[in-house]
Amino acid sequence: MYPSRFAYEAPKTLNEAIAILQANGGEAKILAGGQSLIPMVKLRFASPEVLVDINNIPGLDYMRIDEQGNLRIGALVRHEDLEHSTTLAATHPTLAAAASLVADPIVRTRGTFVGSLCHADPQGDWSATMVALGGHIVAQGPNGRRQIDIREFVLGPFTNALAYNEIAVEAVIPPAKGRPAGSYLKLERRVGDFATASVAVALDMNGATVGRAGCALAGVGGKTIDANDAISVLVGKTLNAESIEAAADAVAEAADPRTDHRGSADYKRHIVKTFVTRILNNIANSEQKAA
Amino acid sequence: MSSLYEVIPPAAGADVPVRRITIEVNGESRTLDVEPRLLLVHLLRQGLNLTGTHSGCDTTSCGACTVLFDGRPLKSCTMFAVMADGHKVETVEGMGSASELHPVQEGFKQEHGLQCGFCTPGMMLAAKALLERNPDPTEDEVRWALSGNLCRCTGYQNIVKSVLWAAEKMRNDQPQEA
């Protein structure tokens, strides 16, 4: 398979890239890691006239904590950069848990965090972690930069909120208010397959009490499911059998799965409940060990 | 040399825009004119006649087309050749020769890590990248590192043994520190 013809541009600066998008009025697409876009153009699900390869733009491969404590992930940070980070598990356990579950190890050397968010696949691992963590995207266009909350960024399956002349230049994750805890669990039949269901949980702990609680689901709805309201039943509580079961029930209720060859809707909802319970139990157990 | 889909098989494609790229393939610098939509795997196989890189699923799943791109494993069906401009690509042809096998190749021979051989080049390059980063992997780490490469013959058991064999050999071949 190979794609239909396109013009290839390899700008050296963001402004140059934005000018190319502007000049092509919606017919140009940004090419970063290409691990979703290239298969799609090969299958001819998409046939953009122009591909704008941003891999030659220097300074987009950063992953750093800024002065306000936000984690900033540039547009060319690859999945494996997060996977191999030695500090991420302590500061962002939810991201660290998801990093080694994205696609497969070879795809992870190339695909990007921000590109995965832009792709807006309902199965996307990173979208779920971003919704649970309350992150946002920084988009840059001809008139400068703007922030887009991740929940407003993903509009539906494979649809994001970027204007035709905008580039998602970074993803930003706010600091935990308290001690960060959380994880990401995913059920897949084999590595690289679409998930049957996956669950991202991110808690900010104040001592043994839950300060902020975030949760999102992938694979169990037409887009990433925002389960932040559902898991907020934990806020102000300690993690015990009763509060964990209430939270797991509420999150499972927020799922919107469909029956397909990966399982029935009931089964997928059951997986969601099991994963939420498992993540919260693990956090509660490590709390006890730390105490 | 010009690589267009039109000239594989040969036929003039004068109106097709091409870009000149320079890539280092197995240590040798190559300058080529390529059509932007040409996939790296097709440049290697048809353009450069390096047919050791196999094209399997063609959908970024199977890993048969795995090459090393600046030392990291890459599915070459999922990169345009133009994107490799200025970069280094290593294929199975660059690993060793029949008389002088790379330890990973030797491992696959010793431990019967292949049957039909279709997945083998990709498996060996993914294994080489693993061992460069982690010279003493556990069995579990080998299985994880190869989880993007599919094999329909072996059941993976002997592939894992082959990689562990190579790891040990490469550690033993290292000059001992005083």
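At what angle do helix H2 (residues 103-110) of chain B and helix H3 (residues 120-133) of chain B pack, and how many Å apart are their axes? The angle is about 125°, and the axes lie 9 Å apart. This is a predicted model, in which local features need pLDDT of at least 70 and side-chain atom pairs count only at pLDDT 80 or more, while totals for chains, interfaces and linings use all residues. Residues are numbered from 1 along each chain as its sequence is written, chains are lettered from A and ligands numbered from 1 in the order in which they are written, and side-chain values use heavy atoms, with hydrogens and water left out.

**Helix packing in chain B**

H2(B) takes part in two helix pairs, listed here with their angles and axis distances.

| Helix pair | Angle | Axis distance |
|---|---|---|
| H2(B) and H3(B) | about 125° | 9 Å |
| H2(B) and H5(B) (residues 157-173) | about 135° | 8 Å |

Axes are lines fitted to C-alpha atoms, for helices over the stretch in contact, and angles run from 0 to 180 degrees between N-to-C directions. H2(B) and H3(B) are therefore oblique to each other, given that angles under 35 degrees count as roughly parallel, over 145 as roughly antiparallel, 65 to 115 as roughly perpendicular and the rest as oblique. In the contact (heavy atoms within 4.5 Å), B:Val104, B:Gln105 and B:Phe108 of H2(B) meet residues of H3(B) that include B:Met123, B:Ala127 and B:Leu131. The residues of this contact of H2(B) with H3(B) comprise six nonpolar, two polar and one charged.

H2(B) and H5(B) pack at about 135°, which makes H2(B) oblique to H5(B). Their contact involves, among others, B:Val104 and B:Phe108 of H2(B) together with B:Trp165 and B:Met170 of H5(B); its residues divide into eight nonpolar, three polar and two charged.

**Sheet and strand features in chain A**

In chain A, three strands form an open sheet in the order E1-E3-E2 with parallel pairing, where two strands pair if DSSP finds at least two bridges between them. Its edge strands, each pairing on one side only, are E1 (7-9) and E2 (28-31) of chain A, and the twist averages 25° from one strand to the next. E1(A) and E3(A) (residues 50-53) are joined over three bridges, and A:Glu9 has A:Val52 in E3(A) as its bridge partner.

Elsewhere in chain A, A:His136 lies in strand E6 (residues 136-141) and is buried, with a relative accessible area of 16%, where buried means under 20%, exposed over 50% and partly exposed in between (1.4 Å probe, protein chains only). Beyond its neighbours within four places in sequence, A:His136 is in contact with residues including A:Met130, A:Ile148 and A:Val172.

Methods: Helix = DSSP H or I, 4+ residues; strand = E, 2+ residues; numbered from the N terminus. Nonpolar A, V, L, I, M, F, W, Y, C, P; charged D, E, K, R; others polar.
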